[in-house]
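Keep the viewer open as you read.

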Amino acid sequence: MSGRWVRGAAGGLLAGAVLMGTAACSDDGDNPVSGAVSEAASAVESAAEGLSDAAKKAADQAKQQLSEVKNGVDAKDEVTLGDPGTDADGRTTVPVTVDNTDDKTRSFAVQVEFKDGDGKLVDTVVVTISDVPAGKPGDGTARSTHKLSGSVTASVPTALRY
């Protein structure tokens with residue numbers, strides 16, 4: 001298993017675990033999902049042990065960003081991705097557009113997965129698009145944490161509006 005795949009997979013697991021935890025948060029104090037989220041977080045921590053310092057730092061940043069999401073609701077259907085490209089530093093970038101269908105200004109946390117030509121996960125990032133006015137679109141850019149080679153596709157496994 002290549003280091004690149006392990007970093008991307010661990011980052012994807014981490015982001016997914018944190019997003020599940022934040023999406024499941026409630027004020028009623030009785031959350032049956034919390035045990036499963038804790039187990040997923042433990043599995044991510046174990047997988048992260050073999051990551052480089054840079055990958056651990058990126059995963060920690062994603063975890064911190066997502067932990068700040070309160071009262072998030074599923075917004076996956078409100079996200080559109082553009083075509084992947086490459087920036088001047090050789091990193092893969094993808095335009096991200098969110099459509100705020102709510103009647104109040106909202107922010108979005110969007111997890112973007114990058115996959116190679118074989119459909120294998122090679123990286124994952126979280127993009128925050130803040131203060132999108134009610135009924136309006138908002139734009140951001142997902143940028144890979146490292147250089148990706150070959151054909152790369154992008155998808156959104158999870159998005160939260162808050």
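Which residues does T86 touch, not counting residues up to four places away in sequence? T86 touches R91 and T93, where contact means heavy atoms within 4.5 Å. You'll find T86 in strand 3, residues 85–86. T86 is exposed, with a relative accessible area of 61%; the cut-offs are under 20% relative accessible area for buried, over 50% for exposed, and partly exposed in between, with a 1.4 Å probe and protein chains only. S144 is 58 residues away from T86 in sequence, yet the two are 9.5 Å apart in space, C-alpha to C-alpha.

Before going on, some ground rules. This is a predicted model, in which local features need pLDDT of at least 70 and side-chain atom pairs count only at pLDDT 80 or more, while totals for chains, interfaces and linings use all residues. Residues are numbered from 1 along each chain as its sequence is written, and side-chain values use heavy atoms, with hydrogens and water left out.

How far can you trust it? pLDDT is the predictor's confidence in each residue, from 0 to 100. The chain has a mean pLDDT of 72, with 59% of its residues at 70 or more. Residues 1–52 are where pLDDT is below 50, and that stretch has 59 contacts in the model beyond near neighbours in sequence. Where pLDDT is low, the predicted coordinates should not be read in detail.

Now the overall layout. The chain has three helices and eight strands, and from the N terminus on they run α-α-α-β-β-β-β-β-β-β-β. Helices (H or I, at least four residues) and strands (E, at least two) are DSSP runs, numbered from the N terminus. Of the chain's 162 residues, 37% count as buried. Among contacts between residues at least 6 apart in sequence, 68% join residues at least 24 apart.

Next, look for an open sheet of four strands in the order 1-8-5-6, with antiparallel pairing; two strands pair if DSSP finds at least two bridges between them. Its edge strands are strand 1 and strand 6 (121–132), each pairing on one side only. Strand 1 (residues 73–74) is joined to strand 8 (residues 153–161) by two bridges, and D74 has L160 as its bridge partner there. On to strand 5 (residues 106–115), which seven bridges join to strand 8. Along that pairing, F108 stands opposite R161 and A109 stands opposite L160.

What about the interior? A nonpolar core is a set of buried Ala, Val, Leu, Ile, Met, Phe, Trp, Tyr and Cys residues joined through side-chain atoms within 4.5 Å. The largest one has 19 residues, and V79, V96, V98, V110, V112, F114 and A142 touch the most other members. Strand 4 (91–99), strand 5, strand 6 and strand 8 each supply at least two residues of this core, and the largest share, five residues, comes from strand 6. Leaving aside neighbours within four places in sequence, V96 is in contact with residues including V79, L81, V110, V112, I129 and A142.

N71 lies in the loop between helix 3 (53–67) and strand 1; its phi is near 55 degrees, a positive value in a residue other than glycine. D131 lies in strand 6, and the phi of D131 is near 50 degrees, also positive. N71 is exposed at 60% relative accessible area, and D131 counts as exposed at 57% relative accessibility.
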